[in-house]
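The stops below are meant to be selected in order.

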Amino acid sequence: MKRELDWIQALRGIAALLVVICHARVVLRGTPYEAFAERAMTPGALGVDLFFMISGFIMTYTTAHNDGSIRYTAAFLIKRLARIWPVYVAAVIANLMLSPTHFGIVLSSWDLSRLYLKSLMFLPNDATKPPFFDMPYAVGWTLNFEIYFYLVFAVSLLFGKLRWVALAVWFIFTLIILPIHMTGHAGLNIQVTNGFSRAYFVMVTNPIIWEFAIGAAIGLLYNSDIALPKSVATYALLAASITFALWYDFSWHGTFNGLDQWGVPLPFMLIVMALASKRIELKVPRMLVWLGGVSYSLYLFHPIAADGLEMAILTAGHAGFIHTWWGSLSIILFAVAVAYVANKLFEEGLSKWVRKWLLHFLDLFNRHPEIKGVRG
């Protein structure tokens, strides 16, 4: 990712870390710190809403030179799937291996095996439990939405100059017209089924998808000539947008994921940052940029890191340490360390290898071997 987008990379790192912090609170349940931990750490789940908007932004930014060809679209999908799928498979397998007994049960039970195979194909499970859909590897629910957005976005690329019209029509149809047809209204509550009994239809009509759409729209603004001037007023607006987001979410004006909950202040913050960054160099700590680079591994592998560390501490006979603030902090730091290793092994290793070979096979069907235009 180009240097001028360090701020978006840093936001990815912050989003992943917030999710880890949110989940690290569970070790403090049943302790005198539970109430404070729940109030202070739970809003970290807003990292998912931020992730979705950033994803929409990046997809718009990286496809600015779309030519509407099947080849371009195929290259786009290969790069997206190669980045997401191999690492997810590795995380699911690693999670199963933490419990050899559970692994054996999964392998010996067709129902459980089928459930895991569905999750590896990014298919939601329980239609009655949106948006999480009772996935066997819990954090995988976000990838269901991510891959769906990639597929819809890829199809829109085929429309060339009309891509944004096609995308808008599809979202209006699935997120407004279908829910109104089924239930008589369309809202922003992401925990409703919209009258559908099949999980995939429930997911396709889930209003959390608006967050991807908003991110894509902000990406369009960023790619345009619109910008905020380098002025005191812009600096003040930047500070105000970030402060408002922190105040709104961590003072519990929202209570769940979604554009009407923790997601409320995030579009304003992203718009201001995007338009300001075109005239002002948003200097961010290199550590946050680095964290953004391992953010996908951090998000996927932090439950494994937490379980593994807890098992090690219990084996060492220090169970009391787990249910303390030091225990919670240790989980967060260990998750970052595991993310570094996972990033090296699976993102910079396995994913890049898969991407290289899939693009190579795509080249076999084209006279011109170099794939151009799709960045990232």
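In which loop is Phe122 found? Select Phe122: the residue sits in the loop between H6 and H7. Helices here are DSSP runs of H or I with at least four residues, and strands are runs of E with at least two, numbered from the N terminus.

Before going further, note that this is a predicted model, in which local features need pLDDT of at least 70 and side-chain atom pairs count only at pLDDT 80 or more, while totals for chains, interfaces and linings use all residues. Residues are numbered from 1 along each chain as its sequence is written, and side-chain values use heavy atoms, with hydrogens and water left out.

Phe122 is buried, because its relative accessibility is 6%; buried means under 20% relative accessible area, exposed over 50%, and partly exposed in between, with a 1.4 Å probe and protein chains only.

Next, select Asp134, which lies in the loop between H6 and H7 as well. Asp134 is not a glycine, yet has a positive phi of about 55 degrees. With a relative accessible area of 41%, Asp134 is partly exposed.

Now select Pro130 and Pro131, which are joined by a cis peptide bond with omega about 0 degrees. Pro131 belongs to the loop between helix H6 (110–120) and helix H7 (141–157). For background, most residues other than glycine have a negative phi, and most peptide bonds are trans.

**Tyr200**

Move to Tyr200 in helix H9 (residues 199–204). Its relative accessible area is 31%, so Tyr200 is partly exposed. Show what is around Tyr200: leaving aside neighbours within four places in sequence, Tyr200 is in contact (heavy atoms within 4.5 Å) with Phe122, Leu123, Pro124 and Tyr148.

**Helix H13**

Select residues 286–293, helix H13, and pick out its buried residues: Val289, Leu291 and Gly292. Look down the axis of H13: these buried residues fall within an arc of 160 degrees, so they line one face of the helix. The arc is that of the directions from the helix axis to the C-beta atoms. Helix H1 (6–24), helix H14 (295–315) and helix H16 (325–363) are among the elements that cover the buried residues of H13.
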